[in-house]
Amino acid sequence: ALLDTTSESIILLVTSSEVLVKDFQHKIELQGAVETDQNILINSESAGIIRNIHVKEGQKVTKGQTLITIDAEIIQNSINEINTALEMADYMYNKQLALHEQGLGTEIELKQAKNQKKSLESKLKTLQSQKGKTIVSAPFSGSIDQIFTQIGEMASPQAPLIRLVNNKNIRITANVSENHLGNINIGTGVDVVFPSLNDTTIQTKVSYLGRYIDPVNRTFRIHVELNNNTVFLPNQIAKIRLIDLDLDSVLVVNSQSILQDTDNNNYVYKMLPTNKEVDEYKIEKVYIKIVKSYKDESAI
């Protein structure tokens, strides 16, 4: 100070913040993803040439609606042949039955005619079932997200044909460290933030709590359900902020005001006014115990 040649004294400028008594919440932030049970790839149960695609990408469909028709000409020809043979078998069975009732004909001839009729009826039922598999229908109502095939291509059970999605009821899932197991329950408050949508935030609650700890990363799963959704898509990234501590009427100070001595004790400087007219204060060092800190606030 004796060697300082400046004409003005340099005074350290400080700021102060008021100690408040209020409710305090601590949150943990997790990365989650949007999921839905109704997001599937539809495959054909029957191999054959695709004859018609009845839908377009983006189109909404209802459960049971026909999506794709596969060629069934060979199966239909077989059905026609079986129908013709079945007419004859039915005729022969009725004739043998009439003869048996009159005491004519033999028991074995009647049983042979009956067996022939039942065998053809069974074959017809099998062929009709196979023909039904040439029509690909929607297993639930939703939207056609993507079509992977074209008319004239060969359909097979191994190759997906269509992606069908219904995003009305979705869930956001995340993995939580087992250290927080005792602080999270079904009904715990949650803020769900979507960074890709300008940090759109939804306030909801935990709807499912996992009952299994992953031995690899020591976490358990939680679900947050969102119904009547029209915006969010499967696999979209979301941030989940869980309330793991909720305190009523506690002392809250600005975290930047908290200092630490060489013994790792936390303290703050308390300002006591000595002359309000000239804005003079006396500083007092006060040791504190931090209960929890979140963002720029600490409960003490």
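Let me begin with the elements: helices (H or I, at least four residues) and strands (E, at least two) are DSSP runs, numbered from the N terminus. The model is predicted, so to speak of local features we require pLDDT of at least 70, and side-chain atom pairs count only at pLDDT 80 or more, whereas totals for chains, interfaces and linings use all residues. Residues are numbered from 1 along each chain as its sequence is written, and side-chain values use heavy atoms, with hydrogens and water left out.

I start with helix α2, residues 107–132, which contains Lys117. Is Lys117 buried or exposed? Its relative accessibility is 19%, and Lys117 therefore counts as buried; the term means under 20% relative accessible area, with exposed being over 50% and partly exposed in between (1.4 Å probe, protein chains only). Leaving aside residues up to four places away in sequence, Lys117 touches Leu86, Ala89, Asp90 and Tyr93, where contact means heavy atoms within 4.5 Å.

Next, the open sheet. Four strands make it up, in the order β6-β5-β3-β8, with antiparallel pairing; two strands pair if DSSP finds at least two bridges between them. Strands β6 (135–137) and β8 (154–155) each have a single partner and stand at the edges, so one side of each lacks a neighbour in the sheet. Strand β5, residues 66–70, pairs with β6 over 3 bridges, and Thr69 has Ile135 of β6 as its bridge partner. Thr69 in β5 also stands opposite Asn52; β3 and β5 pair over 3 bridges. Between β3 (residues 48–53) and β8 there are 2 bridges, and Ile49 has Met154 in β8 as its bridge partner.

I turn to the interior. A nonpolar core is a set of buried Ala, Val, Leu, Ile, Met, Phe, Trp, Tyr and Cys residues joined through side-chain atoms within 4.5 Å. Which residues touch the most other members of the largest nonpolar core? Among its 21 residues, they are Ile172, Val176, Ile184, Phe194, Ile222 and Leu242. At least two residues of this core come from each of β1 (20–35), β10 (170–177), β11 (189–194), β14 (219–226) and β15 (237–254). Ile184 has contacts beyond four places in sequence that include Ile28, Val206 and Phe220. A second, separate core holds 17 residues, including Ile42, Val61, Ala155 and Leu161.

Finally, the charged pairs. With a salt bridge taken as a side-chain nitrogen of Lys or Arg within 4 Å of a carboxyl oxygen of Asp or Glu, the count comes to 11. Lys22 forms one with Glu297, their closest N and O atoms being 2.7 Å apart. Because Lys22 lies in β1 and Glu297 in β20 (residues 297–299), this pair ties together parts 275 residues apart in sequence. Lys22 is partly exposed at 28%, and Glu297 is partly exposed at 27%.

Another salt bridge joins Glu45 and Lys133, with closest N and O atoms 3.1 Å apart. Glu45 is in the loop between β2 (39–43) and β3, Lys133 in the loop between α2 and β6, 88 residues apart. Here Glu45 is exposed, at 58%, while Lys133 is partly exposed, at 33%. Lastly, Glu35, Asp37, Arg171 and Arg221 are linked in a network of salt bridges.
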